[in-house]
Amino acid sequence: MSHHTLPPIARETVGAPAGTGVAVPPHTATPHTAAQPTSDSGPPTEDRPSAEGPSAEGPLSVWPGSTTPLGHDDLAVGGVPLTEVADRFGTPSYVLDEDEIRRRCRAYLRTFPDAEVYYAAKAFLCRAMVHWVQEEGLGLDVCSAGELELAVTTGFPPERMVLHGNAKSPADLRAALRLGVGRIALDNTSEIARLAAAVPAGSRQKVLIRVVPGIAAGGHAKIRTGTDDQKFGLSIADGSAQHAIARVLSQPRLELVGLHCHLGSQITTVKPYLSAVRRLIGLLARIREQHGSTLPELNLGGGHGVAYRPGEPALDLASLGARIRAELARGCAAAGLPVPRLAVEPGRAIAGPAGVVLYRVLSVKRTGGHTFVAVDGGMSDNPRPALYGVRYAPRLVGRDAAAATEPVTVVGRHCEAGDVLAADVPLPADVRPGDLLAVPVAGAYQLSMASGYNLVGRPPVVAVTAGHARLLVRRESLADIQERDIGL
């Protein structure tokens, strides 16, 4: 596993891996040698930007840490040339750097040594991912009976899971109780009576209350969940959270162990989290005053932002951990409260920067002053540009370009004008059908949000590590699609 300092400027030479994603605490080792996890409880401080600072700006700065350039403008990830992956598994294909995922899990545990770290399964989940997360010592945040069952049947301990969801179905709750999920985050008052009635007599289910602290944070309006004008959680401002807390405390089969909040996604500054800590400490103090209960847990959710293109800001993980712990200690001391056990739920920040998606160019069209490079995937395997306007940095791999770059728009194959994967990005002017394009930071919220649009089938997932590639999730075939269609 090739560990390296994140996120200094990358040098695009063999043996100098680049920084990527969330600004995780530095951890260096000689390239192409396995580095042992450190035993330090606090992250180092050298070579790190400020909490609101930019990520590295090198050409490979947003690629997995094992990425190394090869001849003919090819790249290797996990010691495997991307052209080899494309030849063996076809395109589109998703490539996951296993060591990068494990390294990011370890970085979170080092940064939050006394906290519970839950991987947010909604970012991306498969059996191998469950296995990696379990081996690295993280818990799991799931949002449905499907995610829960997949994890449990893979061997993940259900007591180390939290079940989320703004509208959990009866089947979700039944599965959680049957399998023994550790905590259920209650998101609305309807769930309180429904869950309490389903808990077997003589037992108690640990629950959290998801509260809305009234803080706007996140990279897009559609992924901001800490304000009162969206569907998640219970508002502190209008008293909904306090009412729900009183109702839970009156249920003998429910054990309220803490509060949960999630401010949004793709947050790149520490300040919103500190504001949330202050407001939740205030609520914890009111709960003790009004009900005589001191809640032992505080879950701050995730939403930790990563850089999708060189030079974009990324959340500084080391600063986040240090400043949250300091704010929590200060606020609890002032309120006369014991410091609750902290929990965080990173998803994108673990899976996103570890993934690369590969596409083949199908056509190049120059019209109306624009150059459209169409590939063999699109919004069916990555709807995020259409949903949130996310911008990526695709790269030509596998051949030496003979021309300078020009701005092009990389589009998908689907029958939608909005099927644009990357607008106005620099690619060689001689890009042509058959070329291989690779897009970094593809590990989260792409394949997990994939659809069956146009019945093209979802791409496979390939893991790379130590020079070997193996299939994790096979390509969805036409036969798979037809088998679900059982009647006329």
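On a 1 Å grid over the protein atoms alone, a cavity is a set of points where a 1.4 Å probe fits but cannot get out, whereas a pocket is an open set with protein on both sides within 12 Å along at least five of seven lines; lining residues have an atom within 4 Å of a point. Grid points are joined across faces, edges and corners, and a volume is the space filled by probe spheres set on the points. The structure is a predicted model, in which local features need pLDDT of at least 70 and side-chain atom pairs count only at pLDDT 80 or more, while totals for chains, interfaces and linings use all residues. Residues are numbered from 1 along each chain as its sequence is written, and side-chain values use heavy atoms, with hydrogens and water left out.

The mean pLDDT (the predictor's confidence in each residue, from 0 to 100) of the protein chain is 87, and 85% of its residues reach 70 or more. Over residues 1-20 the pLDDT is below 50, yet this stretch has 83 contacts in the model beyond near neighbours in sequence, a contact being heavy atoms within 4.5 Å. The pLDDT is likewise below 50 over residues 26-55, a stretch with 73 contacts beyond near neighbours in sequence.

Four cavities are of 30 Å³ or more. The largest cavity has a volume of about 100 Å³, and of the 14 residues that line it, G302, G303, G347, R348 and Y445 are the closest to its centre. Its lining divides into 4 nonpolar, 7 polar and 3 charged residues, where Ala, Val, Leu, Ile, Met, Phe, Trp, Tyr, Cys and Pro count as nonpolar, Asp, Glu, Lys and Arg as charged, and the others, Gly among them, as polar. The second largest cavity, with a volume of about 70 Å³, has a lining of 9 nonpolar, 2 polar and no charged residues. Among the residues that line the second largest cavity are Y359, N382, P394, L421 and Q446. Strand 14 (355-367), strand 18 and strand 19 (436-440) each give two or more residues to this lining; helices (H or I, at least four residues) and strands (E, at least two) are DSSP runs, numbered from the N terminus.

The second largest pocket has a volume of about 390 Å³. Of its 22 lining residues, P59, A393, P394, R395 and P426 lie nearest its centre. Strand 16 (395-397) and strand 18 (420-428) each supply at least two residues of the lining, and strand 18 gives the most, with 5 residues. By class, this lining has 15 nonpolar, 1 polar and 6 charged residues.

In helix 1 (residues 82-89), L82, V85, A86 and F89 are buried. These residues line one face of helix 1, because they fall within an arc of 95 degrees when seen down its axis; the arc is that of the directions from the helix axis to the C-beta atoms. An α-helix has 3.6 residues a turn, so residues three or four places apart point the same way. Helix 1 is followed by G90, whose phi is positive, near 80 degrees. In the loop between helix 1 and strand 4 (93-97) lies P92, and the peptide bond from T91 to P92 is cis, with omega near -10 degrees.

In helix 7 (residues 240-249), the buried residues are A241, A244, I245 and V248. Their arc down the axis of helix 7 is 105 degrees, so they line one face of the helix. The partners against which they pack include helix 6 (189-198), strand 9 (205-212) and helix 8 (271-291). S190 is found in helix 6 and is partly exposed, with a relative accessible area of 43%. The C-alpha atoms of S190 and A244 are separated by 9.6 Å, the two residues being 54 residues apart along the chain.

D141, in strand 6 (residues 139-142), counts as buried at 0% relative accessibility. Leaving aside neighbours within four places in sequence, the contacts of D141 include Y118, K122, E147, H164 and E345.

Most residues other than glycine have a negative phi, and most peptide bonds are trans. Phi of H72 is positive, near 60 degrees; H72 lies in the loop between strand 1 (68-69) and strand 2 (75-77) and counts as exposed at 57% relative accessibility. Phi of N454 is also positive, near 60 degrees. N454 occupies the loop between strand 19 and strand 20 (461-465) and is partly exposed, with a relative accessible area of 35%.

Definitions and conventions. Buried < 20%, exposed > 50% of the residue type's maximum accessible area, 1.4 Å probe, protein only.
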